[in-house]
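Work through the exercises below with the model open. Each task is followed by a solution in steps.

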Amino acid sequence: VGDIGRVIDLYVPARFRRQGVGTALLSHVLAVAKRLIMRTIVLEVEASNPAALGCVEKAGFVHDGGLIEFLHPDTVTPL
């Protein structure tokens with residue numbers, strides 16, 4: 001949206017983790033964002049995923065808040 005970019009669903013299969021794949025993907029995303037003159041790049045990481053937290057922190061992202069999810073009990077969560 002404008003000069004704000006959002007990374008959605010970055011996933012590295014287990015057999016390729018700890019090999020720099022996530023770091024390379026994030027580096028590419030940041031390079032593209034820089035070319036597009038994005039002012040802000042955001043993403044979400046589960047707090048219970050220390051490997052992902054370490055990867056995004058290594059890429060220069062900083063924690064800037066939390067997301068609170070609400071789910072109505074009468075709704076069906078899509079798979």
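Predicted model: local features only at pLDDT ≥ 70, side-chain atom pairs only at ≥ 80, totals over all residues.

**Exercise 1.** Determine which side chains of strand β1 (residues 4-7) are buried.

Solution. Strands are DSSP runs of E with at least two residues, helices runs of H or I with at least four, both numbered from the N terminus. In a regular strand the side chains alternate between the two faces of the sheet. In β1, Gly5 and Val7 point to one face and are buried; buried means under 20% relative accessible area, exposed over 50% and partly exposed in between, with a 1.4 Å probe and protein chains only.

Residues are numbered from 1 along each chain as its sequence is written, and side-chain values use heavy atoms, leaving out hydrogens and water.

**Exercise 2.** In which sense do β1 and strand β2 (residues 40-43) pair?

Solution. Pairing requires at least two DSSP bridges between the strands. β1 and β2 have four bridges, and the sense is parallel. Within this pair, Arg6 stands opposite Val42 in β2.

**Exercise 3.** Locate Asp9 and Ile37, and state whether each is buried or exposed.

Solution. Asp9 lies in the loop between β1 and α1; its phi is positive, about 55°, although Asp9 is not a glycine. Asp9 has 73% relative accessibility and therefore counts as exposed. Ile37 lies in the loop between α1 and β2, and its phi is also positive, near 55°. At 68% relative accessibility, Ile37 counts as exposed.
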